[in-house]
Amino acid sequence: MSASREKKKRQEFLASGAVDPKAARAAEQKAAERRSNILYCTVAVIFVVVAAALLVYNSGIIQRSQTAVTIDGQKYTVPQAAYYYQQVCNNYGSMFGQEYLQTLKTQSYDEEQTWDDYFKSEAINTMKYIHAATKAAAEAGTSLDSEDEATIKVNVDSMKSAAATAGYSYGAYLKAVYGATMTGSVFESCLRDQLLASKYASNYSEENFVYSEDEILAYYNENKNSYDIVDGEYVTVNGAPEAKTDADGNAVEPTDEEKTAAMEAAREKAGEIQAAVKAGGSLEAQADGESVTYSGSVSSSSGVQGTWFFDEARKAGDLDVIEDASGSRVYVALFKSRERDEALDYNVRHILVSEANLELPEGEEASDEQIKAKADEILAGWDGTEDGFAKLANEYSQDGGSNTTGGLYENVNKGTMVTEFENWCYEDGRKSGDTGIVKTNYGYHIMYFVGYGDTQYWHQACESELRSAASGEWQQSLIDSVTAEPDEAGMKNI
């Protein structure tokens, strides 16, 4: 049968109302395929919806508006709480390290809570303080001014710079630091609240925590061991028995007889040293670097030797043998003098030179010699004036705290700067206009000494301690003045 006749026959067959078996089978197959496609499409839609929901959830959009804690009726969201939580983590991170912080939820703080629980409670306490302080600031008419806004901008720009260095966008970097819920607007709002609270606290402290000279002197007299300098020296004679091991190399605990004999030998040696010094010898000459070690200064009033040095009855020339049985040591100590720490505050400019000052090929690390050479080069280009030094600091210094103010630090109190930096400033004979280069862990500091102030360390430190104690009590009263109600579901998202 020809194709045309076959086609005509099928048409007549269909016209009579009959069903073409072939077409029926095709239609049935298509219907089955359609049902299958509908099923697959439905499943696909479900997966897409679930994936989209997970994407939205993981993006932090849902949790962003979720309440984490309510303080006196005001709701604070998850990203706001996350901001303060991360600050607590940062503070403790310098103590424990980032690896420890990654296991906060499994590390026990005490018998009742994990470190994560503790950090969250600390974050809430901070939020209570900020809430109360900003409210008090508003009532007192304290607000942020243009200078404060400039400080906010510096912080935001610093975060943006860090983001760019790390290869992130600003928003992505905030999420990496504070969690998926953080946004630029929340971050900057928290910065403003913190700065306003700090400004109000500073104003309140200056107005309310003022102390007379008599009050400061009285505090000093009660705590003079913390603010006096003792000039003395001592040697430490080891009174522990010689360490022994068994045949397997394991440490063997010394007997009581051995301990007694070792301490007796140390006492005898200390007596010989004391006699030698009384005869005109020096303490330092008696040290052998092993069983007898020498210390040329007294750093604190702690320990049996510190207690001896800071005893009010001490007189110049006192030379005694002091026994520390619990530590298996015997000391021979020589007291020279004691005086109030009257080191003056100072003003100084500096230019911090680090690897960032060098243009090196990608992947190459700067050597210490290269950084020092760059510091020498910068100093060599100085015109000899303070203004000229300030310009160099603004151009070259890597210290973000002073590289927009000509490298200047004013009214610096003793104990503020790193040891090497401070020692240079207090070096005997230091005078205005002196320059030098000092190495610290931060890099090389090109120094310009502006001059000493008129505030003595003991006075400033005692006044600061009085104000700090009063301020701490005041801040705690602000915290106690408000009530916080954590939202368990919201806090879980931090």
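View 1. A pocket is an open set of points on a 1 Å grid over the protein atoms alone, where a 1.4 Å probe fits, with protein on both sides within 12 Å along at least five of seven lines. Lining residues have an atom within 4 Å of a point. There are 19 of them here, and Asp228, Ile229, Val230, Val298 and Ser299 are the closest to the pocket centre. Strands β3 and β8 (329-340) are the elements that give two or more residues to this lining. β3 supplies the largest share, four residues. By class, the lining holds six nonpolar, eight polar and five charged residues. Ala, Val, Leu, Ile, Met, Phe, Trp, Tyr, Cys and Pro count as nonpolar; Asp, Glu, Lys and Arg as charged; the others, Gly among them, as polar.

The model is predicted: local features need pLDDT of at least 70, side-chain atom pairs count only at pLDDT 80 or more, and totals for chains, interfaces and linings use all residues. Residues are numbered from 1 along each chain as its sequence is written, and side-chain values use heavy atoms, with hydrogens and water left out.

**View 2. Asp228 sits in strand β3 (residues 228-238).** Strands (E, at least two residues) and helices (H or I, at least four) are DSSP runs, numbered from the N terminus. Asp228 counts as buried because its relative accessibility is 11%; the cut-off is under 20% relative accessible area (1.4 Å probe, protein chains only). Its side chain makes a polar contact with the side chain of Tyr220 at 2.7 Å. Beyond four places in sequence, Asp228 is in contact (heavy atoms within 4.5 Å) with Tyr220, Phe310, Arg338, Glu339, Arg340 and Asp341.

A polar contact is a pair of N or O atoms within 3.5 Å; within protein, one must be able to donate a hydrogen and the other to accept it, and residues adjacent in sequence count only if both atoms are side-chain atoms.

**View 3. β8 pairs with β3 and with β7 (residues 319-324).** Pairing requires at least two DSSP bridges between two strands. β3 and β8 run antiparallel, joined by 11 bridges. Ile229 has Glu339 of β8 as its bridge partner. β7 and β8 are also antiparallel, over six bridges. Ile322 stands opposite Tyr331 in β8. Four residues lie between the strands of the β7 and β8 hairpin, where Ser328 takes a positive phi near 55°.

Methods: Buried means under 20% relative accessible area, exposed over 50%, partly exposed in between (1.4 Å probe, protein chains only).
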